Amino acid sequence: MPGSQSMSKLSLRDHLVTGRNRVSLPERQDRARAVTAALLAAPEVQRAATVAAYVSMGSEPATGPLLHALRSAGKRVILPVLLPDDDLDWAVYEGDDSLAPARLGLLEPTGRRLGTEAIATADVVLVPGLAVSLDGARLGRGGGSYDRALGRVPLGTFTCVLLHDEEVGLDVPVEPHDRRVVAAASPAGITRLRRWPARG
């Protein structure tokens, strides 16, 4: 029936957010350090000149340590700027002083806007999510911003969702607009996801 997958997604989102809210702050910090170490050890990240990332919020896996580590490693880091139509523009991350509060409780870079197509210039694309299946289906928050952005990323780019261990390998409902990723980063390390059949 129409909307059945959307309802399944809504139910799964509620369950996962509840689980995230139970994770203590010290545990979140430990997990953030583990995810950072796993990503910095990944050959795709080591080779990358430009990394598209994001500033975590709420109970999401924390990205603060990762952003600092990427800059320290000499990477050019670009972060999203949410547009009025919920599409994503991008700007270079120049440290925490370059971030400012924005709508929906976000922190966004204040530098020159690079345009929505800037994500296509990244060698590595790191995205938020709530879960991922073993064939790369990512469950987001439901706004569609990252599905639109991922649609601009060239095939072969290392696209990776940042999650907690228990959110990797779940059965994620898929809709036609959903964009898959090729890997997941969690405290346990990098999970390479199976390639999926091309849509005809």
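1. A definition to start with: Lys and Arg count as positive here and Asp and Glu as negative, while His and the chain ends are not counted. On that basis, the mean positions of the 24 positive and 23 negative charges of the protein lie 3 Å apart. Please keep in mind throughout that this is a predicted model.

2. Now for the overall fold. The secondary structure amounts to 5 helices and 11 strands. The radius of gyration is 16 Å, close to the 16 Å that the globule rule gives for 200 residues, so the protein is as compact as a globular protein of that length. Along the principal axes, the C-alpha atoms fill a box of roughly 45 × 40 × 35 Å.

3. Among contacts between residues at least 6 apart in sequence, 66% join residues at least 24 apart. The protein exposes about 9900 Å², and carbon and sulfur atoms supply 54% of that area.

4. Leaving aside neighbours within four places in sequence, A185 is in contact with V35, L39, C160, V161, L162, L163 and I190. A185 and A38 are 147 residues apart in sequence, yet their C-alpha atoms are 7.1 Å apart in space.

5. Have a look at S133 too, in the loop between β7 (131-132) and β8 (138-139). Although it is a loop residue, S133 counts as buried, with 6% relative accessibility. Its side chain makes a polar contact of 2.3 Å with the side chain of D135. Beyond its neighbours within four places in sequence, S133 is in contact with G169, L170, V172 and L193.

6. Two backbone angles deserve a glance. Most residues other than glycine have a negative phi. D86 is not a glycine, but has a positive phi of about 70°. D86 lies in the loop between β2 (76-82) and β3 (88-92), and at 28% relative accessibility it counts as partly exposed.

7. The other angle belongs to L104, again not a glycine, with a positive phi of about 65°. Its place is in the loop between β4 (99-101) and β5 (107-109). Is L104 buried or exposed? L104 is exposed, because its relative accessible area is 60% and the cut-off is over 50%.

Key
Residues numbered from 1 in each chain as written. Predicted model: local features only at pLDDT ≥ 70, side-chain atom pairs only at ≥ 80, totals over all residues. Heavy atoms only, no water. Helix = DSSP H or I, 4+ residues; strand = E, 2+ residues; numbered from the N terminus. Buried < 20%, exposed > 50% of the residue type's maximum accessible area, 1.4 Å probe, protein only. Polar contact = N/O pair within 3.5 Å; in protein donor to acceptor, adjacent residues only side chain to side chain. Contact = heavy atoms within 4.5 Å. Rg over C-alpha atoms; globule rule 2.2 N^0.38 Å. Areas by Shrake-Rupley, 256 points an atom, 1.4 Å probe, with all protein chains shown as cover. Charge placed at Lys NZ, Arg CZ, Asp CG, Glu CD.
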